[in-house]
Amino acid sequence: GINAEYGTRMLVIRLVFPFWKWFPVTRGLDQHIAVINEYANGIIAERKEELASNRATFDAREDILSRFMALGESNVVELRDAVINFILAGRDTTAQTLTWLTYFLACSPHLQDELLAEIQEHCADEITLDSLKKLSLCQAAMDETLRLRPPVPIDIKTAVGDDRLPSGVHVPAGSLVLWSAYIMGHHEQLWKNCLLYTSPSPRDMRRSRMPSSA
């Protein structure tokens, strides 16, 4: 964690301070990167061992690294960069989402009680992946947070091939497509009471709400 924190800070300094080469403001960056790379390489090595020893367990995984490997990606550098990218990208976005979730729950005491009751019902004895999947209201509360306050409000994608949007607009290969999760989550034609965190009944929140760009 410390290496990722200091490494990220030093990279930001390089981005905004063009004279970093002549000043010792990023001293130690190579060491931080080495530690992060070692951690990522360890994850990849464990996943490769699992792939070789238990293919069924590996195929059941749904994380990004496993999907890359299942598609045949074997370049360690490519896999390592993908792992590091998601680790670093998921850190600040997760913190921001949890902060907004805490704020919304603080504004909705009645929802706090329902969430607590659901957690006690399904996770009182042990927290497992199966028990977490039963927390439908918790999932809805998180989805609603991501709808109103997406940590990545604007994103850009590149079309790898010719495509067509649901509206019928043709997108040629190589086109840059900019889309806004924030605007979509606040669109009156898509959401009833689009500016409200919750409807009068918390149970009216649905998991089918728009996924965010997190």
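Is Phe 104 buried or exposed? In this predicted model, Phe 104 counts as buried, because its relative accessibility is 8% and the cut-off for buried is under 20%. Phe 104 takes part in a helix contact and in an aromatic pair.

**Helix α5 against helix α8**
- Helix α5 covers residues 76-106 and helix α8 covers residues 136-148; their axes come within 9 Å and cross at roughly 110°.
- On the α5 side, the contact is made by Thr 97, Leu 98, Trp 100, Leu 101 and Phe 104.
- These meet Ala 141, Met 142, Thr 145, Leu 146 and Leu 148 in α8.
- By class, the contact of α5 with α8 has 8 nonpolar residues, 2 polar residues and no charged residues.

**Aromatic pairs**
- The structure holds 6 aromatic pairs.
- In one of them, Phe 104 and Tyr 197 are stacked, with 4.4 Å centre to centre and 10° between the planes.
- Phe 104 lies in helix α5 and Tyr 197 in the segment after α9 (181-185), so this pair ties together parts that are 93 residues apart in sequence.
- Tyr 197 is buried, with a relative accessible area of 8%.
- Trp 100, Tyr 103, Phe 104 and Tyr 197 are linked by ring pairs into a cluster.

**Arginines over tryptophan rings**
- Arg 149 lies over the face of Trp 100, at 4.7 Å from the ring centre; Trp 100 also belongs to the ring cluster and to the α5 side of the helix contact.
- Arg 14 lies over the face of Trp 20, at 3.8 Å from the ring centre.

Methods
Residues are numbered from 1 along each chain as its sequence is written. This is a predicted model: local features need pLDDT of at least 70, side-chain atom pairs count only at pLDDT 80 or more; totals for chains, interfaces and linings use all residues. Side-chain values use heavy atoms; hydrogens and water are left out. Axes are lines fitted to C-alpha atoms, for helices over the stretch in contact, and angles run from 0 to 180 degrees between N-to-C directions. Helices (H or I, at least four residues) and strands (E, at least two) are DSSP runs, numbered from the N terminus. Contact means heavy atoms within 4.5 Å. Ala, Val, Leu, Ile, Met, Phe, Trp, Tyr, Cys and Pro count as nonpolar, Asp, Glu, Lys and Arg as charged, and the others, Gly among them, as polar. Rings of Phe, Tyr and Trp (its six-membered ring) pair if their centres lie within 6.5 Å; planes under 30 degrees apart count as stacked, over 60 as edge-to-face and the rest as tilted. Buried means under 20% relative accessible area, exposed over 50%, partly exposed in between (1.4 Å probe, protein chains only). A charge sits over a ring if NZ of Lys or CZ of Arg is within 6 Å of the ring centre and within 35 degrees of the ring normal.
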